[in-house]
Amino acid sequence: MYKINEKILTWLDPSTIEPEALAQLHNISEMPFVFKHLAVMPDCHLGKGATVGSVIATQGAIIPAAVGVDIGCGMIAVRTKFFSKDLPDDLEKLRHSIERRIPLGAGVGNRTVEGSALERVKKLKEYPEADLLTHLDKHWEGALGSLGSGNHFIEISLDENEQVWVVLHSGSRGIGNKIACKHIKVAQDLCEQMFVALKDKDLAYLPAETDAFKAYIRDLHWAQDFALANREEMMDRVMKDLSYAFYKEDSHQKEIEIERINCHHNFTQQENHYGKNVWITRKGAIQMRRGQFGIIPGSMGTRSYIVSGKQNDLSFHSAPHGAGRRFSRSEARRRFTMADFESQMAGVVCRHSSELIDELPGAYKDIDDVMENAKELVEIKHVLKQVLSIKGD
């Protein structure tokens, strides 16, 4: 652990933090309601609203843009009973089957909402706030069970014992984005009305005593539950595909699955630290209490890690959420070619498309460096390497 100053602690060498991200960290740390210090994870990089890979403890206020626009984005992993020797010879066939079952890409959703997706939609509609939220995005029902684009993925991986895992990364899709943008604007308007001078408009906050704060927390919880339901729905669909792949029929999902791990990495919640009840905002970070299980993925083509928490007090019981970007998407497209993609993705069954160049491993930090810096935060339980990777454009 490194100390930049009394208000910023990092789990990576501060000299490796990009100047823009460092300035962003200083701006956040100077907000008057920040409790104790910022905890900066080893995968940190410049973000919108707050540095990705930052843990922000606050008293009396929350910054909606620090949670971000993909509320509840996170990971789900399933350990199956199968091993590499059991996998079908034709993984391309399995890839195409999953891609048919799960809508991929920005703005792409299900044509019809049925089965378990419909049941999950019905539960979300039962929330008292549902009527206030769902009008923000008329396509939200069809989005449940869809992957999206960017760094969201579905992967079939093998651990150190050659056991088969399914790992999936996604969030709250368009409805979560619209909910976040709504409250970010409310916070900005409120700070303007209070004549609060901000170094960055995305530092706009909601004081805890306001109705706007209560409305944000209410809506955020709904979006987090949507994100969780979205991941569960997609994982259930992948399990159905595995049932067909291994048994040539449906209904063997429970037999296939040994354990399931879920974790958010864009969220806020109230926790007790240093004897105080405070709000902990994790922007690209996961909660890691002692013995709690989580998932820290690398980029497509590299390793991912199943971990358990060490409950590090200085980190507010947190850990990194992944590799973290090394280059922006535009810079990655400038630097890399399809030849680089082919080379770096060798041995992994995936869709070969120029649309995915900004997601190749070279665009991200080395996940092994991230994990080395996270030794005080987590214990590694399993090391996964994908054999199949699915992404949307």
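This is a predicted model: local features need pLDDT of at least 70, side-chain atom pairs count only at pLDDT 80 or more; totals for chains, interfaces and linings use all residues.
**Entry 1: a loop serine**

Is Ser251 buried or exposed? I looked it up: Ser251 is exposed, at a relative accessible area of 60%. My cut-offs are under 20% relative accessible area for buried, over 50% for exposed, and partly exposed in between, with a 1.4 Å probe and protein chains only. Ser251 sits in the loop between α8 (211–247) and α9 (253–256). Helices here are DSSP runs of H or I with at least four residues, strands are runs of E with at least two, and both are numbered from the N terminus. I also noted that the phi of Ser251 is near 90°, which is positive although the residue is not a glycine.

Residues are numbered from 1 along each chain as its sequence is written, and side-chain values use heavy atoms, with hydrogens and water left out.

**Entry 2: another positive phi**

Gln311 is a non-glycine residue with a positive phi too, near 55°. I found Gln311 in the loop between β15 and β16 (318–320). It counts as partly exposed, at 25% relative accessibility.

**Entry 3: the open sheet**

Next I traced a sheet. Seven strands form an open sheet in the order β10-β6-β8-β7-β17-β15-β14, with antiparallel pairing. At the edges I found β10 (257–264) and β14, each pairing on one side only. From one strand to the next the twist averages 30°; axes for such angles are lines fitted to C-alpha atoms, for helices over the stretch in contact, and angles run from 0 to 180 degrees between N-to-C directions. Two strands count as paired if DSSP finds at least two bridges between them.

How many bridges join β14 to β15? There are four, between residues 293–296 of β14 and residues 303–309 of β15, and the two strands run antiparallel. Ile295 stands opposite Ile306 in β15. The two strands make a hairpin with six residues between them, and Gly301 in the turn has a positive phi of about 100°.

I checked β7 (residues 153–158) and β8 (residues 163–170) as well: they pair in the antiparallel sense over six bridges. There, Phe153 stands opposite His169 in β8.

**Entry 4: cysteines**

I went looking for disulfides, meaning pairs of cysteine sulfur atoms within 2.5 Å. The structure holds zero of them. Cys263 is in no disulfide either, with the sulfur of Cys73 as its nearest at 9.9 Å. Cys44 is buried at a relative accessible area of 2%, and Cys263 counts as buried at 9%.

**Entry 5: salt bridges**

My rule is a side-chain nitrogen of Lys or Arg within 4 Å of a carboxyl oxygen of Asp or Glu. By this rule the count comes to 32 salt bridges. I picked out a few.

The side chains of Asp202 and Lys48 meet at 3.2 Å, N to O. Asp202 is in the loop between α7 (173–193) and β9 (206–207) and Lys48 in the loop between β3 (34–45) and β4 (52–58), so the pair ties together parts that are 154 residues apart in sequence. Asp202 is buried at 9% relative accessible area, whereas Lys48 counts as exposed at 57%.

Arg237 and Glu233 form a salt bridge at 2.9 Å, N to O. They are four residues apart in helix α8, so about one helical turn separates them. Arg237 counts as buried at 13% relative accessibility, and Glu233 is buried at 3%.

Glu359 and Arg329 also meet in a salt bridge, at 2.7 Å, N to O. Glu359 lies in the loop between α11 (338–344) and α12 (367–373) and Arg329 in helix α10 (residues 329–335), so this pair ties together parts 30 residues apart in sequence. Glu359 counts as buried at 2% relative accessibility, while Arg329 is partly exposed at 30%.
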